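Hi everyone, thanks for coming. I'd like to walk you through one model today, starting with its charged pairs. Let me put it on the screen.

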Amino acid sequence: MKLIPRLKPYYNHRELLAAITPSSGNIPKLEQAFAQKFGCQYGTMFQHGRTGLLALFKIWELENAEVICPAYTCVVVQHAIVRSGNIPVFVDCVEGSFNMEEEALQAAITEKTRAVVVTHLFGYPMNVERIQDMILHAEKQFGHKIYVVQDAAHSYGARWKGELVTTYGDAAIFGMNISKIINAIFGGMVTTNDPATQEKLQQYREQHMIRPGMLKSLKRLIYLLAVYVAFNAYVYGLVNWLERKGFLDRFVKYYDEDRIYFPDDWNHYPAEIEARVGLVQLSKYDEIIKARQANARKIIDRFSE
């Protein structure tokens with residue numbers, strides 16, 4: 001029996017060539033190109049998407065505040081909220097969708113609400129226009145700013161009425177690890193159209209992130225090589241068995257059920273090797289989307305009855 005991976009990076013020789021070809025200055029190149037691709041003026045790369053979300057709460061000086069978020073989402077969102085000293089307020093998903101119910105979202109906004117994480121899951125956009133109107137009304141009612149973060153980690157390029165959802169709100173967050181539409185081995189990105197937010201993010205990263213050494217780049221290269229091997233059609237069956245038995249937890253588990261968890265390298269500066277691979281992946285984004293859509297059509301057609 002041939003096993004089909006739940007996820008598989010869209011790699012060829014170009015990512016490997018970029019990884020082993022030393023060059024510098026790639027992080028700002030990726031930040032600029034990434035932001036432009038998804039409708040924003042500015043981008044700041046972090047080691048993880050959750051690090052970027054934490055950084056936003058810190059630079060906005062949110063503490064002991066309520067942050068509205070989906071009940072159905074990746075646990076790292078809530079981890080970032082709690083780690084930043086704030087309180088997650090959960091909103092359940094609407095029937096027939098993976099996203100928050102908008103009426104429940106509106107009801108969850110109180111005078112303690114200081115931010116909303118609007119997660120767009122699996123490519124399905126939320127009604128960002130309605131949410132924007134909700135927030136503006138609440139800001140007038142309660143007399144303070146309520147920040148809106150578009151979580152597009154699993155919805156790169158999602159649009160509402162033809163407009164990118166990431167152009168709405170105060171900032172957007174993306175993940176760029178192995179499970180995302182494009183990836184930079186590891187990594188996350190925060191995009192924004194607000195120059196003040198951008199300046200503070202850059203300052204926060206410079207002040208709080210640890211610069212990586214050569215060992216980190218070597219580990220990233222080894223990880224990249226392992227990905228090429230692990231997802232090979234002739235090898236994946238063994239990899240899947242090892243994962244099910246728990247032998248690969250150290251490499252594939254991104255949270256611990258018993259605690260609020262950030263990876264050991266959450267506060268590391270991203271490495272050049274990650275930005276180089278990310279630039280190749282970004283250049284292939286449209287190609288990747290077409291391939292994913294074609295694969296989806298094949299599956300839908302195959303199982304239509």
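Let's begin with Glu206 and Arg211, whose side chains meet in a salt bridge at 3.0 Å, N to O. By salt bridge I mean a side-chain nitrogen of Lys or Arg within 4 Å of a carboxyl oxygen of Asp or Glu. Glu206 counts as partly exposed because its relative accessibility is 42%, while Arg211, at 53%, counts as exposed. The cut-offs are under 20% relative accessible area for buried, over 50% for exposed, and partly exposed in between, with a 1.4 Å probe and protein chains only.

A quick word on the source: this is a predicted model, so local features need pLDDT of at least 70 and side-chain atom pairs count only at pLDDT 80 or more, whereas totals for chains, interfaces and linings use all residues. Residues are numbered from 1 along each chain as its sequence is written, and side-chain values use heavy atoms, with hydrogens and water left out.

Back to the charges. How many salt bridges does the structure hold? There are 11 salt bridges. One of them joins Glu274 and Arg220, at 2.6 Å from N to O. That pair links distant parts of the chain, with Glu274 in helix α11 (residues 272–283) and Arg220 in helix α8 (residues 214–230), 54 residues apart. Helices here are DSSP runs of H or I with at least four residues, strands are runs of E with at least two, and both are numbered from the N terminus. Are these two partners buried or exposed? Glu274 is buried, with a relative accessible area of 0%, and Arg220 is buried too, at 9%.

Next, please find Asp170, which forms a salt bridge with Lys145; their closest N and O atoms are 2.9 Å apart. Asp170 sits in the loop between β7 (163–164) and β8 (171–175), and Lys145 in the loop between α6 and β5 (147–151), so the pair ties together parts that are 25 residues apart in sequence. Asp170 counts as buried at 18% relative accessibility, and Lys145 is partly exposed at 34%. There is also a network of salt bridges, linking Glu102, Glu103 and Arg130.

Now for the cysteines. How many disulfides are there? The count comes to 0, taking a disulfide as a pair of cysteine sulfur atoms within 2.5 Å. For Cys69, the nearest cysteine sulfur is that of Cys74, 12 Å away. Cys69 counts as buried at 0% relative accessibility, and so does Cys40 at 8%.

Let's turn to the second largest pocket, which has a volume of about 200 Å³. A pocket is an open set of points on a 1 Å grid over the protein atoms alone, where a 1.4 Å probe fits, with protein on both sides within 12 Å along at least five of seven lines; lining residues have an atom within 4 Å of a point. α1 (13–20), α8 and α11 each give two or more residues to this lining, and the largest share, 4 residues, comes from α8. Among the lining residues are Ala19, Met214, Leu221 and Arg276.

Last stop, the surface. Tyr72, Phe98, Phe122 and Tyr124 make a nonpolar patch of about 420 Å². Phe122 lies in the loop between β4 (113–119) and α6 (128–142), and at 42% relative accessibility Phe122 counts as partly exposed. Such patches take residues with over 30% relative accessible area and no salt bridge, joining like charges within 9 Å and nonpolar side chains (Val, Leu, Ile, Met, Phe, Trp, Tyr) within 5 Å.

Methods: Accessible areas come from the Shrake-Rupley method with a 1.4 Å probe; for residues, only the protein chains shown count as cover. Grid points are joined across faces, edges and corners, and a volume is the space filled by probe spheres set on the points.
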